[in-house]
Amino acid sequence: MLALGLPFAILYLLSLFRYKIEGHDDVASITDMPIIADVPVANESAKTAAGIVVHANKNTQMDEIFRSLRTNIQFMLKEHQKTILFTSSTAGEGKTFVAANIAVSFALLGKKVVLCGLDIRKPALGRLFELTDRKTGLTSLLTRDQITKDIVKSQITNSGVNENLDLLLAGPTPPNPAELLARDAFQQVIEVLREEYDYIIFDTAPV
């Protein structure tokens, strides 16, 4: 009886001291917020270079997961809502991976989508889409006092993955990222993007 009971006692004690979130049920037990999708990440490389797993005319498991996530987001958005923001609790949890692939998924519907890199301290969006230009992007816009449609368009590049998906990368890393995002120019940029795109997706810094 001792031999049988000891392993169960150890497992019970381990469960009492468990502090990591390991699955869907752990998240559901600590929040009342709706959980709209579970996105598995196979390895670290899937979250960095070559991390686009959603493709046209494919029906893989990952395609289906992001298709389900896209549908749930559309169901939750009210009329005229078109901005979606992705963040995470800490770095390396895959928010850029998820934001990029859901952007591709929306683009495959024929929607005009722009994916904006707001993590201007440690930008990763360009690397994921294998773009090396660090001179154009959002920070080049935020230093201006007046924003026009032509100025915004000059800082936007196509993703190279889908013609309906454009990128507004973070741009040159500034010494004062928080102050830049608080400027009125940021709101002006968003208003221009609202006129041009069906969906605006923000990949932000971790909380």
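Helices, such as the one shown first, are DSSP runs of H or I with at least four residues, numbered from the N terminus.

**Figure 1. Helix α1 and the placement of Ile10 in the predicted model.** Helix α1 comprises residues 2–16, and Ile10 is found in this helix. The relative accessible area of Ile10 is 46%.

**Figure 2. A nonpolar patch on the surface.** The patch is formed by Leu6, Phe8, Ile10, Leu11 and Leu14. Together, these residues have about 550 Å² of accessible area. Ile10, a member of the patch, belongs to helix α1.

**Figure 3. The largest pocket, with a volume of about 1400 Å³.** Two or more residues of the lining come from each of α2 (24–30), α3 (61–76), β1 (83–86) and α4 (95–107). The most is given by β1, with four residues. In total, 34 residues line the pocket, and Val27, Ile35, Ala37, Thr87 and Val98 lie nearest its centre. By class, the lining of the largest pocket has 19 nonpolar, 10 polar and five charged residues.

**Figure 4. The largest cavity, with a volume of about 30 Å³.** A search of the whole structure finds one cavity of 30 Å³ or more. Its lining consists of Gly117, Leu118, Asp119, Pro123, Ala124, Leu125, Ala170 and Asp203. Five residues of this lining are nonpolar, one is polar and two are charged.

How values were computed: Residues numbered from 1 in each chain as written. Predicted model: local features only at pLDDT ≥ 70, side-chain atom pairs only at ≥ 80, totals over all residues. Heavy atoms only, no water. 1 Å grid on protein atoms, 1.4 Å probe; cavity = no way out; pocket = protein on both sides within 12 Å on 5 of 7 lines; lining within 4 Å. Points joined across faces, edges and corners; volume = space filled by probe spheres on them. Nonpolar A, V, L, I, M, F, W, Y, C, P; charged D, E, K, R; others polar. Patch = residues over 30% accessible without salt bridge, like charges linked within 9 Å, V, L, I, M, F, W, Y side chains within 5 Å. Areas by Shrake-Rupley, 256 points an atom, 1.4 Å probe, with all protein chains shown as cover. Salt bridge = Lys/Arg side-chain N within 4 Å of Asp/Glu carboxyl O. Buried < 20%, exposed > 50% of the residue type's maximum accessible area, 1.4 Å probe, protein only.
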